[in-house]
Amino acid sequence: IPNQLRANKELATQLNAVIVKEYVDAISGMSETREAFFRLLNEAHLYQGVIIYNVRRLGRDEEVSHKLLRLLLESGLKVYATDRGLEPLERDFRTALEIAMSAEDRRNMLRTTQNGLLGEARNGKLPNGICTFGYKNLIGQNIAEINQEAATTVRKLFTLALEGYSLRAMALEMTRLGFRTKMNRDWSPIAVQRTLSNPAYKGEFHWHWGGDKTNKNKYNRTTW
């Protein structure tokens with residue numbers, strides 16, 4: 001971000017423009033939840049123009065990028081980008097091509113990352129760690145070990161299940177005994193059911209890649 005702001009200031013100097021205010025959103029390019037961006041739109045009537053680092057930084061998704069650029073232009077501001085120099089941005093073929101190329105670069109990067117993570121999963125590693133109650137991640141090793149304190153709670157829950165307690169009865173008994181859920185709450189029948197049905201407790205870890213929406217249903221099953 002500091003380098004982007006520096007480049008923006010250099011272009012402002014070339015435009016003989018006075019920088020009135022800076023708006024910074026330090027978030028993922030995939031997100032549309034941009035407080036500073038929409039604050040700028042609300043205050044657009046105060047300015048003549050806005051400088052962005054480049055159109056590719058508006059968003060890494062084509063739909064998001066086109067939407068945000070359209071909102072900027074419809075606000076009445078002249079929009080400049082550091083890689084365009086003194087030429088203001090328009091919604092033309094060149095801009096659309098840049099947005100499309102940025103999105104394709106992101107998809108290629110995700111595919112490369114996904115292949116690496118799938119390889120780790122197939123080798124019995126935990127690419128994104130594990131959040132299963134009763135385990136803790138070993139940082140940097142992509143493996144997990146039992147969290148003995150939390151595991152006591154899990155073992156007690158399975159013991160009650162073996163004794164024939166119903167889901168509701170288990171929730172009441174766990175709460176009565178002072179056992180807490182992963183979120184440090186009282187037990188509910190739903191929390192009990194989710195815990196007992198988690199395949200990790202029988203040695204199976206179901207991992208899915210969440211970075212690419214097109215592969216959201218791709219799973220890798222491994223045992224450890």
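Student: Before we go into details, how many helices and strands does the chain have?

Tutor: In this predicted model, the chain has seven helices and six strands. Read from the N terminus on, the elements run α-α-β-α-β-α-β-β-α-α-α-β-β.

Student: And what share of the residues counts as buried?

Tutor: Of the 224 residues in the chain, 34% count as buried. The chain exposes about 14,100 Å², and carbon and sulfur atoms supply 50% of that area.

Student: What about contacts, how much comes from residues 24 or more positions apart?

Tutor: Among the contacts in the chain with a separation of 6 or more, residues 24 or more positions apart account for 51%.

Student: OK, switching to charges. How many salt bridges does a search of the whole structure find?

Tutor: The search finds 14 salt bridges in the whole structure. As background, side chains of opposite charge can pair when their charged atoms come close.

Student: Which residue meets Glu 98 in a salt bridge?

Tutor: The side chain of Glu 98 meets that of Arg 94, with an N to O distance of 3.6 Å. Both residues lie in helix H4, which covers residues 93-122, and they are four residues apart, about one turn of the helix.

Student: Is Glu 98 buried or exposed?

Tutor: Glu 98 is buried, since its relative accessible area is 11% and the cut-off for buried is under 20%.

Student: What does Glu 104 pair with?

Tutor: Glu 104 forms a salt bridge with Arg 111, and the closest N and O atoms of the pair are 3.4 Å apart. Glu 104 counts as partly exposed at 32% relative accessibility, and Arg 111 is also partly exposed, with a relative accessible area of 37%.

Student: And where do Glu 173 and Arg 176 lie?

Tutor: Glu 173 and Arg 176 both lie in helix H6, residues 167-176, where they are three residues apart, about one turn of the helix. They form a salt bridge in which the closest N and O atoms are 2.8 Å apart.

Student: Buried or exposed, for Arg 176?

Tutor: Arg 176 counts as exposed, at 59% relative accessibility, whereas Glu 173 is buried, with a relative accessible area of 16%.

Student: Let's change topic to helix packing. At what angle do the axes of H5 and H7 cross?

Tutor: The axes of helix H5 (residues 148-162) and helix H7 (residues 189-196) cross at roughly 95° and come within 11 Å. Angles of 65 to 115 degrees count as roughly perpendicular, and H5 and H7 are therefore roughly perpendicular to each other.

Student: Which residues in H5 meet H7 there?

Tutor: From H5, Leu 157, Phe 158 and Ala 161 meet Val 192, Thr 195 and Leu 196 in H7. The residues of this contact divide into five nonpolar, one polar and no charged.

Student: Where is Asn 184, then, and what is its phi near?

Tutor: Asn 184 sits in the loop between H6 and H7, and its phi is near 60°, a positive value in a residue other than glycine. Asn 184 is exposed, with a relative accessible area of 52%.

Student: Last one: which helix is Phe 38 found in?

Tutor: Phe 38 is found in helix H2, residues 35-42, and counts as partly exposed at 31% relative accessibility. The C-alpha atoms of Phe 38 and Leu 72 are separated by 9.5 Å, with the two residues 34 residues apart along the chain.

Note on methods: Residues numbered from 1 in each chain as written. Predicted model: local features only at pLDDT ≥ 70, side-chain atom pairs only at ≥ 80, totals over all residues. Heavy atoms only, no water. Helix = DSSP H or I, 4+ residues; strand = E, 2+ residues; numbered from the N terminus. Buried < 20%, exposed > 50% of the residue type's maximum accessible area, 1.4 Å probe, protein only. Contact = heavy atoms within 4.5 Å. Areas by Shrake-Rupley, 256 points an atom, 1.4 Å probe, with all protein chains shown as cover. Salt bridge = Lys/Arg side-chain N within 4 Å of Asp/Glu carboxyl O. Axes fitted to C-alpha atoms, helices over the stretch in contact; angles between N-to-C directions. Parallel < 35°, antiparallel > 145°, perpendicular 65-115°, else oblique. Nonpolar A, V, L, I, M, F, W, Y, C, P; charged D, E, K, R; others polar.
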